[in-house]
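Here is a short report on one protein chain. Please look at the model first, then read on.

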Amino acid sequence: MQPRIPRQSAHEPRERGIHHADNDARLSAELAAVVAGARRRAVRDGDRQIDTAHLLHSLLESDAEVRAVFGEGPHIARLLGYLVQRSIGYGLRWQSGVEDSGGVPVVAEAAGFSPLAAACMERARERAARRGGGPAGGVDLLAAIVADPQARAVEVLERAGVDPPRLFDRIQARTGGQCGARPERYAVEGGDTAH
């Protein structure tokens, strides 16, 4: 009997465009595990790149601090429900394009990440550096993801009834305002009408 998830050789992920960013010293051990989980999910789903929805899915599954930002209520279950359906819903539509906000140059196979996901990873590292130079954690990455309204993960958040600007404010409150200012795009495009 063949396993449902094919085994990966040591160099298969790189051949498929999935880079081992989980060895990055600028990431906390927890965030490195999140990236590794997102990479496995992308490979298993047959996706060419890790996108922000893969990262959000992995964050929700493995980072208790990220789950705590969402607070009590049905949001986590609803989010995971949407993300699990990726292979029959969002994923089918997303397979035809590269996740890009237009704010970063499109780079083919950007270290195994979509251009937008690669930018989010870098913003998470920058947030950690501003906080004092420690490694980036899951909440840093979540803040970076919700900062771009074009992220696939933001689309999933909105569909699940989560207001990204309000989520960003909750992250700010938990981190003592050390994640930077509220993204300008939300102030312009989404206003401050968080529910």
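## Basis

This is a predicted model, in which local features need pLDDT of at least 70, side-chain atom pairs count only at pLDDT 80 or more, and totals for chains, interfaces and linings use all residues. Residues are numbered from 1 along each chain as its sequence is written, and side-chain values use heavy atoms, with hydrogens and water left out.

## Overall fold

The chain has 11 helices and zero strands. Helices (H or I, at least four residues) and strands (E, at least two) are DSSP runs, numbered from the N terminus. Of the 195 residues, 48% are buried; buried means under 20% relative accessible area with a 1.4 Å probe, protein chains only.

## Helix α7

Helix α7 covers residues 115-131, 17 residues in total. The span from first C-alpha to last is 25 Å, close to the 24 Å expected at 1.5 Å a residue. That expected span is 1.5 Å times one less than the number of residues.

Buried residues of α7 include Pro115, Leu116, Met121, Arg125 and Arg127. Their cover includes α2 (29-45), α3 (52-62), α8 (138-146) and α10 (164-174). Just after α7, Gly132 takes a positive phi of about 140°.

## Cys120

Cys120 lies in α7. Cys120 is buried, with a relative accessible area of 0%. Leaving aside residues up to four places away in sequence, Cys120 touches Thr52, Leu141, Ala144 and Ile145. Leu142 is 22 residues from Cys120 in sequence and 8.6 Å away in space, C-alpha to C-alpha.

## The α3–α5 packing

α3 packs on helix α5 (residues 75-84) at an angle of about 135°, with the axes 10 Å apart. Axes are lines fitted to C-alpha atoms over the stretch in contact, and angles run from 0 to 180 degrees between N-to-C directions. The two helices are therefore oblique: angles under 35 degrees count as roughly parallel, over 145 as roughly antiparallel, 65 to 115 as roughly perpendicular and the rest as oblique.

From α3, Ala53, Leu56, His57, Leu60 and Glu61 meet Ile76, Leu79, Leu80, Leu83 and Val84 of α5. The contact residues divide into eight nonpolar, one polar and one charged. Ala, Val, Leu, Ile, Met, Phe, Trp, Tyr, Cys and Pro count as nonpolar, Asp, Glu, Lys and Arg as charged, and the others, Gly among them, as polar.

## Helix α9

In α9 (residues 152-159), Arg152, Ala153, Val154, Val156 and Leu157 are buried. Gly161 follows α9 with a positive phi, near 85°.

How values were computed:
Buried < 20%, exposed > 50% of the residue type's maximum accessible area, 1.4 Å probe, protein only. Contact = heavy atoms within 4.5 Å.
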